[in-house]
Amino acid sequence: LSSYVRNNKSEDDKVLFARIKKSPCSKTYPHLARWFYHMTTLLRGTGSSSGSTSQVSSRVSRGQPTWYCPEENTAQLKIYNSLTRRKDRFVPDNGMNVTWYNCGPTVYDASHMGHARSYITFDILRRIMSDYFGFNILYVMNITDIDDKIIYRARTKFLLDRYRGEMKSRDRLEVLSEISESVDDFKTKMSKLSPEDPKLKMMQKVMTGLTPLLEKSDVDVGELLTLASMAMETWLDTRLGAEVTDHSIFAALTQHWESEFHNDLKELNVLPADVLTRVTDYVPEIIDYVQKIIDNGYGYASNGSVYFDSAAWRRDRGYLAKLKPESVGDLDALAEGEGKFTDVTSKEKRNQVDFALWKSSKPGEPFWDSPWGHGRPGWHIECSAMADSICNSQLDIHSGGEDLLFPHHDNEILQAEATPTPSSG
């Protein structure tokens with residue numbers, strides 16, 4: 001193709017050009033298509049009487065080269081699917097309408113970098129889907145404002161603040177004796193932890209600061225109490241936690257940290273949720289959802305609590321986890337999911353891998369009336385019930401922390417599949 005290189009037209013070019021009836025496909029033969037356009041330009045208007053020139057004249061009489069529309073190539077969105085552990089094509093259930101439920105924070109303490117990373121990631125994906133792909137997204141996020149961590153944190157904060165206020169009018173030696181006793185309990189608890197337990201390093205750091213103060217005869221009691229707060233809160237809760245019955249004590253903690261969480265998201269320029277749900281606002285819906293699971297044969301009441309019947313489910317469905325099936329039977333993970341105040345090996349349960357749908361409230365815990373007595377929602381049930389209440393039976397996207405795949409998100413799947421609707425089967 002000498003003309004393409006030297007910017008002229010040879011006789012060979014003219015002969016080849018005369019044989020080609022139409023412009024070659026630019027996608028299949030890009031260089032040949034460019035040469036054809038080049039020759040068309042060079043031979044335009046030459047007036048030659050040769051056969052090739054006559055053909056050129058007839059081709060170029062329109063003044064512009066022929067354009068061929070490329071084959072349709074609609075952009076597709078692929079998202080990592082934790083169920084298949086690969087990127088899959090995203091296809092909503094209802095056209096361009098997307099229902100998205102995000103498993104939100106448990107508001108008992110300050111947010112950290114892990115939270116920021118998670119919510120920024122979801123926000124970027126949400127913006128791409130909405131602004132680039134044009135999806136109409138209903139973005140729902142929950143706030144967990146009642147669970148074991150919240151109860152313990154609110155209760156111990158209240159007791160420690162009260163103790164600090166009363167300390168000024170009490171005998172100094174008596175206060176020192178109680179703080180010393182709490183530290184001894186703290187050391188006993190440390191001795192039972194494995195070297196790999198992440199709590200151990202934090203507790204050792206506390207003891208490093210406490211030990212020199214405990215040896216001083218003229219130690220400032222207020223300073224000592226501040227450093228020994230982790231030990232004292234457990235000591236106080238063991239002795240006085242059952243006396244804390246005012247629901248506002250728990251609400252004050254969650255309202256503070258929820259406000260801080262929203263401020264953090266605003267600073268990070270993360271879009272707010274379209275719908276924000278709080279567990280304490282959906283207790284009636286959660287109770288109804290638990291009852292459906294019982295009615296379908298996959299839940300049972302025991303001593304005021306309600307548990308998911310893993311044996312019945314395994315009998316009918318054959319599995320207990322879809323996201324992380326290799327973790328079934330991991331009692332440490334199950335205990336973390338059940339919470340600080342729930343014994344994973346409790347005799348109330350038919351099977352160790354059964355998990356709480358509804359928890360009977362002990363003294364010092366907030367409670368709501370239910371068909372099974374005074375109690376509160378289990379952790380896993382809240383998301384299933386609130387997602388169903390807002391998005392009905394179908395979710396296009398469920399998102400949350402990767403560390404919650406098992407047992408939290410796996411148990412959510414079990415609960416949702418144990419309460420089928422006519423539309424979802």
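The model is a predicted one, in which local features need pLDDT of at least 70 and side-chain atom pairs count only at pLDDT 80 or more, while totals for chains, interfaces and linings use all residues. Residues are numbered from 1 along each chain as its sequence is written, and side-chain values use heavy atoms, with hydrogens and water left out.

Leu357 is also among the residues with the most contacts inside the largest nonpolar core, which has 79 residues. Such a core is a set of buried Ala, Val, Leu, Ile, Met, Phe, Trp, Tyr and Cys residues joined through side-chain atoms within 4.5 Å; buried means under 20% relative accessible area, with a 1.4 Å probe and protein chains only. Helix 6 (residues 148-167) gives the most to this core, with eight residues; helices are DSSP runs of H or I with at least four residues, and strands are runs of E with at least two, numbered from the N terminus. A second, separate core of eleven residues includes Leu77, Trp100, Phe135 and Tyr139.

Strand 3 (residues 97-102) runs parallel to strand 4 and is joined to it by six bridges, strands being paired if DSSP finds at least two bridges between them. Parallel strand 5 (residues 275-278) is joined to strand 4 by four bridges, with Val275 as the partner of Val140. Strand 4 (residues 136-143) is largely enclosed by the rest of the structure, because six of its eight residues are buried.

Technical notes. Buried means under 20% relative accessible area, exposed over 50%, partly exposed in between (1.4 Å probe, protein chains only).
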